[in-house]
Number of protein chains: 2
Amino acid sequence: MEFDSINHISSRSEFVNEDINDHSSVNSEQPSRIFYPKTHEECQQLVIWANQTNASLFTRGAGTGTTGGAICTKGDQIGISLVHMNNILDLDQINATITVEPGVILSRIHQAVEAVGLFYPPDPASLNRCTIGGNVAENAGGPRALKYGVTKDYVIGLKGVWANGESFEYGGKLKKNVAGYDLIGLLTGSEGTLAVITEITLKLRPKPTVIAEAIAGYKSTEDALIALTNTLTRGVLPSTAEFMVERCMSASLAYSNEAPVMASFPAYVIWQVDGQTVEDVNKQLNQIKSFSKGATFLMMDTDDLSNRVWGLRRNVSLGLKQVAKKKYSEDIVVPIGNVPEVIKRLETLNHPSGIEVLGYGHLGDGNIHVNILKMSASEDDWERFSPDVIEQVMAIALKYGGSISGEHGIGVTKKQFMPLMFSNHDLHIMKQIKTIVDPLGILNPGKLHP
Amino acid sequence: MEFDSINHISSRSEFVNEDINDHSSVNSEQPSRIFYPKTHEECQQLVIWANQTNASLFTRGAGTGTTGGAICTKGDQIGISLVHMNNILDLDQINATITVEPGVILSRIHQAVEAVGLFYPPDPASLNRCTIGGNVAENAGGPRALKYGVTKDYVIGLKGVWANGESFEYGGKLKKNVAGYDLIGLLTGSEGTLAVITEITLKLRPKPTVIAEAIAGYKSTEDALIALTNTLTRGVLPSTAEFMVERCMSASLAYSNEAPVMASFPAYVIWQVDGQTVEDVNKQLNQIKSFSKGATFLMMDTDDLSNRVWGLRRNVSLGLKQVAKKKYSEDIVVPIGNVPEVIKRLETLNHPSGIEVLGYGHLGDGNIHVNILKMSASEDDWERFSPDVIEQVMAIALKYGGSISGEHGIGVTKKQFMPLMFSNHDLHIMKQIKTIVDPLGILNPGKLHP
């Protein structure tokens with residue numbers, strides 16, 4: 001391949017694992033080269049070059065995605081890594097906005113805005129490693145979505161390059177904007193298939209001044225849900241209601257090499273509430289307690305205990321990976337009222353060959369991370385039966401009014417399930433939208449569209 | 001025209017003003033007929049019939065829009081009024097969602113959800129008349145957008161009929177959902193140009209248990225803005241910060257035939273804060289006061305005073321209409337930090353022929369309602385100069401990093417300004433999206449697209 005017109009952009013042609021893989025179970029192919037542009041203009045040059053040479057591009061941030069959206073799917077593809085575009089361009093206290101390049105690590109944004117009394121809520125578990133560009137591409141969520149919504153609820157300005165090489169700049173520091181179709185909304189969550197995003201403006205909220213947290217042990221998932229729904233209809237919106245069953249807790253304890261923080265219960269919820277005064281947050285927490293029949297609460301009232309509990313929550317996935325020899329992580333979402341029933345239905349998918357299925361995650365918004373675990377199953381049985389188990393997980397999600405993805409996106413691992421959820425006409429509309437802006441199919445081919 | 005296949009759907013062919021007009025300055029043409037479907041299936045039959053006969057359709061709710069989006073632009077068009085599809089289908093307390101038909105009046109939704117401790121925040125001034133379908137079509141806002149966002153932040157499920165007659169059903173009672181391109185987001189705010197929406201699911205929040213309100217008089221718009229931005233960076237997010245200058249207040253007082261509620265000031269802000277406890281809301285209001293240098297606060301602590309002040313705010317537009325002989329209302333949005341400068345720049349647009357320009361509205365989110373008033377100008381001068389004044393209003397919005405529409409949409413009155421804001425390629429993308437789902441141009445022709 002000729003790189004003459006883009007040779008001035010820094011690039012590499014040899015890679016270690018983390019340069020090319022993500023956190024899905026799919027292995028990346030070796031790309032021809034990965035470019036590391038530093039400016040919008042360099043990104044545009046790369047896309048124009050790809051259109052001229054009919055090259056295939058895939059765009060990457062930190063590679064923390066879990067559906068293969070940022071990997072190389074064929075050996076002749078070219079990568080665009082945006083990790084060197086990592087400047088915070090403008091933190092505007094008057095307008096309560098921040099404008100950043102896509103390669104900025106999410107936790108840097110949290111720190112920068114909180115230092116001036118502002119708040120950017122989305123908090124995926126990978127917040128210390130993931131980039132904001134990846135968050136926008138996947139429309140990332142996190143525990144605080146319950147109270148504060150997901151990435152798309154904060155994106156108010158985007159600059160970038162459409163797949164055909166045209167630059168765009170939409171929105172800005174605007175809290176409202178209804179001129180024409182919502183192209184910012186269309187781009188957010190489009191998984192790198194429509195454009196390369198080079199600048200992002202996020203709206204910010206005031207930082208909550210008082211936070212209180214507790215972990216509560218419940219006798220059943222239903223009891224935990226009753227506490228949540230009663231709370232919601234009495235004026236209290238917790239900032240998190242993270243859910244796990246005993247099996248998840250013990251796996252995480254073993255992985256983290258920690259002593260239990262409380263007695264053993266069938267189900268746990270990590271509650272966080274926030275507000276302006278101590279009275280306010282105490283009142284919220286007392287409401288939750290009053291609806292938590294027979295539950296035991298442990299206040300997470302020291303930094304140490306808070307860090308330990310949240311560490312246990314974040315290590316569930318790694319803990320289950322240690323328990324099982326291999327695992328797949330799926331990411332379904334259902335109406336919160338169906339969570340207890342779906343958790344039970346998932347357990348019926350355990351396969352006699354030695355495959356186990358376990359759900360945990362965000363009780364507050366119905367987003368369940370489903371782990372399919374290779375326990376005693378042989379390699380052959382795992383290969384043979386696990387795809388069917390995954391398909392049944394999707395079928396359960398849809399049967400209970402849900403979606404095949406809550407916050408991880410479609411990428412390559414879930415695209416075969418899109419027809420379960422969408423009609424041919426729906427898929428045709430999505431494909432045609434892709435064709436409008438990317439007639440040659442340059443950007444992220446083989447992702448999202450089945 | 002042959003109506004055989006749709007004759008069973010109730011319809012009318014004679015109309016009074018309110019059947020066909022909206023609140024814009026554009027007069028509707030007389031449509032051939034308006035149909036009043038009662039079901040999704042009847043809507044689909046109408047759209048299929050239109051595709052077969054190449055008829056043009058426009059869809060209406062209550063006709064409270066201000067940009068001509070719901071009017072008939074040519075005499076051979078057929079209307080679809082959704083006002084008879086006005087059932088609340090499901091109020092789900094466990095999932096904190098409500099599912100409604102498009103013809104439900106917004107205030108009915110407010111009442112229904114608040115009766116069970118839940119809350120649907122969007123609150124355009126027309127809330128006692130406008131329909132939720134129109135709100136979704138225009139992505140309506142309102143004063144509470146400052147704290148709680150706009151309509152699109154609450155739409156999580158849509159059922160309807162694409163312009164080519166295909167039915168769709170996206171989302172549901174889901175708080176997260178990232179499967180494929182965000183078609184719900186694309187439809188919300190698409191102004192009836194892409195689909196007829198027949199069922200809407202909204203997510204709800206807990207109802208705030210304590211509310212406090214005050215109107216404050218400031219020595220200048222800058223002083224009001226300083227209070228707002230200092231407040232935002234100290235952890236307090238008011239639910240409203242509605243702004244008007246003295247001229248607006250006096251016009252509204254005259255129109256409402258009311259005595260002043262407080263002494264005269266150059267600028268007023270109506271502050272509302274909400275929370276869980278009296279201490280909490282008092283603390284928030286005290287923060288606002290502490291940053292309001294030289295301002296005078298009047299607590300709106302009785303229902304009577306609250307209703308009077310909000311009545312004055314909602315009557316500003318009618319008050320100015322009474323002061324002037326004619327007026328145009330525009331709806332720009334700028335970064336909040338630019339509001340004081342933009343308010344000043346708007347005043348420089350006063351035209352020596354006797355045209356005055358005045359901005360007021362939502363300080364908290366930068367959304368300024370600009371009124372162009374025919375004062376002493378002759379009819380000829382008004383016709384001659386007002387279009388140029390409107391164009392300069394748009395130019396100011398864009399110069400200060402803003403948008404030509406904050407919450408009213410584009411319709412017919414603003415489509416000529418779309419090229420000021422979007423490149424040819426941007427407009428091409430929007431037009432192509434329209435063509436994908438409406439190849440024959442059946443739905444709302446002549447709206448939104450320039």
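For sorting residues here, Ala, Val, Leu, Ile, Met, Phe, Trp, Tyr, Cys and Pro count as nonpolar, Asp, Glu, Lys and Arg as charged, and the others, Gly among them, as polar. By that scheme, the lining of the second largest cavity divides into 15 nonpolar, 11 polar and 10 charged residues. This is a predicted model, where local features need pLDDT of at least 70, side-chain atom pairs count only at pLDDT 80 or more, and totals for chains, interfaces and linings use all residues. Residues are numbered from 1 along each chain as its sequence is written, chains are lettered from A in the order in which they are written, and side-chain values use heavy atoms, with hydrogens and water left out.

**The cavity**
- A cavity here is a set of points on a 1 Å grid over the protein atoms alone where a 1.4 Å probe fits but cannot get out, and lining residues have an atom within 4 Å of a point.
- Of the 36 lining residues, Asn139(A), Lys152(A), Asn177(B), Asp182(B) and Ile184(B) lie nearest the centre.
- α6(B) gives the most to this lining, with three residues; helices (H or I, at least four residues) and strands (E, at least two) are DSSP runs, numbered from the N terminus.

**Strand β4(B)**
- β2(B) pairs with β4(B) in the parallel sense over three bridges (pairing takes at least two in DSSP).
- Arg33(B) has Ile78(B) as its bridge partner.

Notes: 1 Å grid on protein atoms, 1.4 Å probe; cavity = no way out; pocket = protein on both sides within 12 Å on 5 of 7 lines; lining within 4 Å.
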